[in-house]
Amino acid sequence: MNGNLMQKTEEILKIIKARRNTKNFIDKEINDSQIETILDSAIWAPNHRNTEPWRFFIIERHSKIREKIAEGIIDLQENTSQSQLNKSQKDKILEQIISSPSLIFVYSLVDSNDEITEENYGAVCCAIQNMQLTATTMGLGVGWSTGKITKINSLDQILGINESLKIVGVLTIGYPHTSLEKTRKSFKSLSTWL
């Protein structure tokens with residue numbers, strides 16, 4: 001491999017190894033052009049049969065939809081636990097959703113063929129990885145959640161979804177508060193050469 005290709009490979013590996021699932025962000029807004037760049041990187045993920053199965057719902061920082069999302073989380077928690085949250089608990093959920101940087105709800109197209117649906121889901125996961133890596137190069141962090149926020153009963157209605165879609169996750173994108181060091185097992189201990 002020539003020197004230029006080796007340098008590019010090392011740069012890509014550095015970005016991959018620097019990517020983190022971010023949960024804490026500083027209070028600094030990102031702009032629409034940054035989101036657009038991240039979304040542009042997403043749609044270039046590989047997808048079998050060229051179905052382009054990704055769908056993105058961007059919730060900007062000052063969107064009123066955030067209040068509906070918070071209400072949905074509160075309803076979900078109260079219905080699951082069979083107990084009412086107090087005002088402080090509700091306010092904490094609302095504040096968390098309102099103060100989050102940009103939110104992107106990422107969905108995958110569901111097909112009548114289960115195999116295609118599964119391929120679509122895999123492609124959308126690749127799209128999210130592209131988004132995370134692009135954000136990392138921009139000095140941004142991404143938190144990929146599949147928790148309570150993705151399980152809100154009225155989420156399709158809140159987002160105005162009118163296609164047959166499956167949620168893959170919610171991405172919180174912003175400037176990270178800190179970047180933690182991570183380690184991984186060596187690929188050698190996880191690989192079998194035959």
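**Reading the pockets**

Modeller: The model is predicted. Let us begin with the second largest pocket, whose lining divides into 4 nonpolar, 4 polar and 6 charged residues.

Biologist: Which residues lie nearest the centre of the second largest pocket?

Modeller: Of the 14 residues that line this pocket, Ile16, Lys17, Arg20, Lys182 and Arg184 lie nearest its centre. Helix α1 (residues 3–18) provides the largest share of the lining, 4 residues. The volume of the second largest pocket is about 400 Å³.

Biologist: How is such empty space found in general?

Modeller: A probe the size of a water molecule is rolled over the atoms, and this shows where empty space is left. In this structure, the largest pocket holds about 590 Å³ of space.

Biologist: Which elements give two or more residues to the lining of the largest pocket?

Modeller: They are α3 (65–81), α4 (87–99), β3 (141–145) and β4 (165–174). Helix α4 gives the most, with 4 residues. The lining comprises 25 residues, and those nearest the centre of the pocket are Lys23, Gln96, Ile97, Ser100 and Thr172. By residue type, the lining of the largest pocket has 10 nonpolar, 11 polar and 4 charged residues.

Biologist: What pattern does the protein follow along the sequence?

Modeller: The pattern is α-α-β-α-α-β-α-β-α-β, with 6 helices and 4 strands in the protein. Among contacts between residues at least 6 apart in sequence, 81% join residues at least 24 apart.

Biologist: What percentage of the 194 residues is buried?

Modeller: Buried residues account for 37% of them.

Terms used:
Residues numbered from 1 in each chain as written. Predicted model: local features only at pLDDT ≥ 70, side-chain atom pairs only at ≥ 80, totals over all residues. Heavy atoms only, no water. 1 Å grid on protein atoms, 1.4 Å probe; cavity = no way out; pocket = protein on both sides within 12 Å on 5 of 7 lines; lining within 4 Å. Points joined across faces, edges and corners; volume = space filled by probe spheres on them. Nonpolar A, V, L, I, M, F, W, Y, C, P; charged D, E, K, R; others polar. Buried < 20%, exposed > 50% of the residue type's maximum accessible area, 1.4 Å probe, protein only. Contact = heavy atoms within 4.5 Å.
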